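Here is a short note for someone opening this structure for the first time. Please read the points with the model in view.

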Amino acid sequence: MDPVSKALWFVESYFADEISLDDIARIGGVSRFHMSRAFAAATGRSITRYVRERRLSVAARCLANGAPDILAVALDAGYGSHEAFTRAFREQFGLTPEAVRAQRHLDNLVLVEPIVMDDTPTVKLETPRFVDGKAMLIAGLGERYAYDSPNNTIPALWQRFDAYQGSIPGAVPHAWYGICRNFDDTSFEYVSGVEVADFSEMPKEFSCVRLSPQKYAVFVHREHISTIRSTVHAIWRDWLPNSKHEAADAPNFERYGPEFDGRTGNGGLEIWIPLKG
């Protein structure tokens, strides 16, 4: 089983208990950083959100079946008070626990069911090359995204960044970078930018990223940009766990060379994964 499948099995077996991301990563046999990235790439949502939504979906079924004690349901779902449970329940379903118990059905609720991983082989990756990456300064526009943000949100950031092309002081031409950094359990920061000589004259709205010298595995994605998630999924789900390498807790990035056509999304790109050692 790959790390994500192991994580899903563990969550479904024990989400009624107190489990942490560290527990889930340990079961998956990978680091907490790796598990967060792999789970998000495979499912489109964060682990913590999935655990919460599964617990509340089970709670909703109990309430629709007429559970007499809402506090007991709340405690089983991992909430220490009726108020905290009600707040989370309403946020997910738009109804209070009392309303669901009173209506005795789930027809107007969207429950989160267990994710079943598709065992169909993922995309076939080309053999990566290994690079001792140099220190770089990357400047551009950055925003924070939840792991379950729609796939079409990041292109809007690139569209905004296009307005700065040709006017960035000290920009190194012919390559653009999509930096993924500052990961936590639910989200990450993405910076669309270029390499620059220094940060001294950057627009005040820019995010400035210092990349330290780092070993990378570099994968080529030759298909349309819209299918990049399949390649990322294959790297984190299949290649990394089966390799002798371990991901480093450092930014990973996409590199777009002059062959990439931003208007059509064709031309290919590279995905740089930081490695320990």
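**Notes on the predicted model**

1. **Cores.** Start with the largest nonpolar core, which has 55 residues. Ile24 and Trp236 have the most contacts inside this core. The model is predicted, so please read every value here as computed from it. Trp236 touches Phe33, His34, Arg37, Ala38, Pro241, Ala247, Asn252 and Ile273, leaving aside residues up to four places away in sequence. A second, separate core has 18 residues. Ala59, Ala74, Tyr79 and Val100 are among them.

2. **Surface patch.** Look next at Trp9, Tyr14 and Ile27. They form a nonpolar patch on the surface. Together they have about 300 Å² of accessible area. Trp9 belongs to helix H1, residues 3-14. Its relative accessible area is 48%, so Trp9 is partly exposed.

3. Which is buried and which is exposed, Ala102 or Thr231? Ala102 sits in helix H7, residues 97-103. Ala102 counts as exposed because its relative accessibility is 64%, and the cut-off is over 50%. The C-alpha atoms of Ala102 and Leu63 are 8.3 Å apart, although 39 residues separate them along the chain. Thr231 lies in helix H9, residues 228-242. Thr231 is buried because its relative accessible area is 7%, and the cut-off is under 20%. Beyond residues up to four places away in sequence, Thr231 touches Val123, Leu125, His221 and Ile271.

4. The structure holds 16 salt bridges. One of them pairs Arg54 with Glu12, with the closest N and O atoms 2.9 Å apart. Arg54 is in helix H4 (residues 47-64) and Glu12 in helix H1, so the pair links distant parts of the chain, 42 residues apart. Arg54 counts as buried at 5% relative accessibility. Glu12 counts as partly exposed at 25%.

5. Arg61 and Glu113 meet through their side chains in a salt bridge (2.8 Å, N to O). Arg61 lies in helix H4, and Glu113 in the loop between H7 and strand E1 (129-133), so the pair ties together parts 52 residues apart in sequence. Arg61 is partly exposed at 34%. Glu113 is also partly exposed, at 38%.

6. **Salt bridge between strands.** Arg129 and Glu270 form a salt bridge (3.0 Å, N to O). Arg129 is in strand E1 and Glu270 in strand E8 (residues 269-275), 141 residues apart. Arg129 counts as partly exposed at 38% relative accessibility. Glu270 is buried, with 15%. Elsewhere, salt bridges with shared partners join Asp2, Arg237 and Asp238 into one network.

Note on methods. Residues numbered from 1 in each chain as written. Predicted model: local features only at pLDDT ≥ 70, side-chain atom pairs only at ≥ 80, totals over all residues. Heavy atoms only, no water. Core = buried A, V, L, I, M, F, W, Y, C linked by side-chain atoms within 4.5 Å. Buried < 20%, exposed > 50% of the residue type's maximum accessible area, 1.4 Å probe, protein only. Contact = heavy atoms within 4.5 Å. Patch = residues over 30% accessible without salt bridge, like charges linked within 9 Å, V, L, I, M, F, W, Y side chains within 5 Å. Areas by Shrake-Rupley, 256 points an atom, 1.4 Å probe, with all protein chains shown as cover. Salt bridge = Lys/Arg side-chain N within 4 Å of Asp/Glu carboxyl O. Helix = DSSP H or I, 4+ residues; strand = E, 2+ residues; numbered from the N terminus.
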